[in-house]
Amino acid sequence: MIGIWLREASIASYLLTVARVWLGYQWLMAGWHKVAGEFSAAGFLRGAIANAQGERPLVQAWWASFLENFALPNAALFEFMVAWGEVLVGIGLIVGAFSLVAIFFGMVMNFSFLLSGAISVNPQMILVSFILLSGSRNSGLIGLDRWIMPYLRARFTGRH
């Protein structure tokens with residue numbers, strides 16, 4: 001019932017827009033601080049790997065293995081991807097362009113941070129993301145998706 005309301009009610013599109021812009025601002029600011037300042041993924045990755053030790057580890061062994069064997073040797077790539085990924089997710093959500101794609105990649109980052117033992121605001125951001133995903137098309141209706149998605153649909157499917 002709430003899912004139908006989120007997808008179909010016009011008032012829901014306004015509420016979803018507020019939530020989408022808030023979430024976008026959170027992503028944009030987090031990314032901007034990384035792009036404009038000193039950001040070291042290597043330090044974060046080493047801390048996450050260290051949290052996989054002990055009697056009650058915060059980080060699962062399989063994830064720590066991925067971080068140690070793939071992410072840490074490619075820390076410079078991850079610094080670039082995280083910083084600019086956060087900026088792009090933020091911009092996409094704020095202007096409402098490719099909103100569902102931005103929400104998806106934001107959630108991928110949120111879950112990656114959670115798997116690495118960083119709680120912070122990630123659970124709240126995931127909750128808002130799930131609400132926005134539940135609103136599907138209505139989440140980007142007040143934004144550039146209103147024009148982008150019909151254009152792409154017509155361009156690639158031939159339907160208007």
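Analyst: Ser136 is partly exposed, with a relative accessible area of 24%. On this scale, buried means under 20% relative accessible area, exposed means over 50%, and partly exposed is in between, using a 1.4 Å probe and protein chains only. Ser136 sits in the loop between H7 and helix H8 (145-157). Helices are DSSP runs of H or I with at least four residues, strands are runs of E with at least two, and both are numbered from the N terminus.

This is a predicted model, in which local features need pLDDT of at least 70 and side-chain atom pairs count only at pLDDT 80 or more, while totals for chains, interfaces and linings use all residues. Residues are numbered from 1 along each chain as its sequence is written, and side-chain values use heavy atoms, with hydrogens and water left out.

The backbone of Ser136 has a positive phi of about 35 degrees, although this residue is not a glycine. Most residues other than glycine have a negative phi. Phe98 is also not a glycine and has a positive phi, of about 55 degrees. Phe98 belongs to the loop between H5 and H6 and is partly exposed, at 40% relative accessible area.

Next comes helix H7, at one end of the loop that holds Ser136. Asn122 is in helix H7 and is buried, with a relative accessible area of 6%. Not counting residues up to four places away in sequence, Asn122 touches Asn110, Phe113 and Leu114; contact means heavy atoms within 4.5 Å. With neighbours within four places set aside, Leu132 is in contact with Leu16, Ala19, Arg20, Leu23, Ile103 and Ser139.

Leu132 is also one of the residues with the most contacts inside the largest nonpolar core, which has 16 residues; the others named are Leu23, Trp27, Val89 and Leu93. A nonpolar core is a set of buried Ala, Val, Leu, Ile, Met, Phe, Trp, Tyr and Cys residues joined through side-chain atoms within 4.5 Å. Two or more residues of this core come from each of helix H2 (10-36), H5, helix H6 (99-115) and helix H7 (122-134). H6 gives the most, with five residues. A second, separate core has 13 residues, including Val59, Trp63, Ala71 and Ala75.

Glu86 lies in helix H5 and Lys34 in helix H2, so the pair ties together parts that are 52 residues apart in sequence. Glu86 is buried, at 1% relative accessible area, whereas Lys34 is partly exposed, at 23%.

Helix H5 (residues 75-95) supplies the largest share of the patch, three residues. Leu88 is found in H5 and is exposed, at 58% relative accessible area.
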